[in-house]
Amino acid sequence: MVRAGAQPLPGRNRGRPARLYSLPEQAPEPGLAPLVAALLAETHDSLPEPGQEAFLRRLAARLAGPSPPSGGLSQRLVFAVQRLNQLGYRARWEARSTGPRLILDSRPFAALQPPHPALDRLEIYLLECLIGEAARRLASDGDARTGFSIYQVKK
């Protein structure tokens, strides 16, 4: 019961406006990019071409972790988004009439300098491991800070 002349609750109508705080994204360690570039040069680049693709597929499977659930595509997409977010992708998916789209708002590998072309294929293989379906890139922005990719999942 509210009495006449009662004061509004604190934070409802008066006081300072609410502020939203967030932590900045953690910058990669300075020596990490050269190390990854050297590891790719020593492993991927030193293999013959058929071996390079097999190497990337094995690496994607290792990054994907446990096998995706055996349920429907939407369950596998939820699983994929969770794992991709653990890897720093800020992933989400949308249902479309043409099929699901997986959106990666961040691409952690894009921060590597110099960029390595094999990392784009690695991302596709990673998605295929996580979802259990083929995927193709529809759009991409390679800038490491604002990078995104949109993938169409083929049924």
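Which residues does His116 touch, not counting residues up to four places away in sequence? In this predicted model, His116 touches Leu40, His44 and Asp45, where contact means heavy atoms within 4.5 Å. His116 lies in the loop between β2 and α4. With a relative accessible area of 18%, His116 is buried; the term buried denotes under 20% relative accessible area, exposed over 50%, and partly exposed the range in between (1.4 Å probe, protein chains only).

Residues are numbered from 1 along each chain as its sequence is written, and side-chain values use heavy atoms, with hydrogens and water left out. Because the model is predicted, local features need pLDDT of at least 70 and side-chain atom pairs count only at pLDDT 80 or more, while totals for chains, interfaces and linings use all residues.

The chain contains four helices and four strands, arranged from the N terminus as α-α-α-β-β-α-β-β. Helices (H or I, at least four residues) and strands (E, at least two) are DSSP runs, numbered from the N terminus. Of the 155 residues, 27% count as buried. The chain exposes about 10,600 Å², and carbon and sulfur atoms supply 57% of this area; accessible areas come from the Shrake-Rupley method with a 1.4 Å probe, and for residues only the protein chains shown count as cover. Among contacts between residues at least 6 apart in sequence, 50% join residues at least 24 apart.

In soluble globular proteins, nonpolar side chains tend to be buried together. A nonpolar core is defined here as a set of buried Ala, Val, Leu, Ile, Met, Phe, Trp, Tyr and Cys residues joined through side-chain atoms within 4.5 Å. The largest such core has 26 residues, of which Leu84, Leu102, Leu126, Leu130 and Ile131 touch the most other members. At least two residues of this core are supplied by each of α1 (32-42), α2 (49-64), α3, β2 (101-104) and α4 (118-131). The largest share, eight residues, comes from α4.

Helix α4 has 14 residues and reaches 20 Å from its first C-alpha to its last, close to the 20 Å expected at 1.5 Å a residue; the expected span of a helix is 1.5 Å times one less than its number of residues. Its buried residues are Ala118, Leu119, Leu122, Glu123, Tyr125, Leu126, Leu127, Leu130 and Ile131.

Leu73, Arg76, Leu77, Phe79, Ala80, Val81 and Leu84 are the buried residues of α3. Just after α3, Gly88 adopts a positive phi of about 95 degrees. In the loop between α3 and β1 (91-94) lies Arg90, whose phi is positive at about 50 degrees although Arg90 is not a glycine. Arg90 counts as partly exposed because its relative accessibility is 39%.

Arg92 is found in strand β1 and is partly exposed, with a relative accessible area of 37%. Leaving aside neighbours within four places in sequence, Arg92 is in contact with Val81, Arg101, Leu102, Ile103 and Asp105. The side chain of Arg92 makes polar contacts with the side chains of Glu94 (3.1 Å) and Asp105 (3.1 Å). A polar contact is a pair of N or O atoms within 3.5 Å; within protein, one must be able to donate a hydrogen and the other to accept it, and residues adjacent in sequence count only if both atoms are side-chain atoms.
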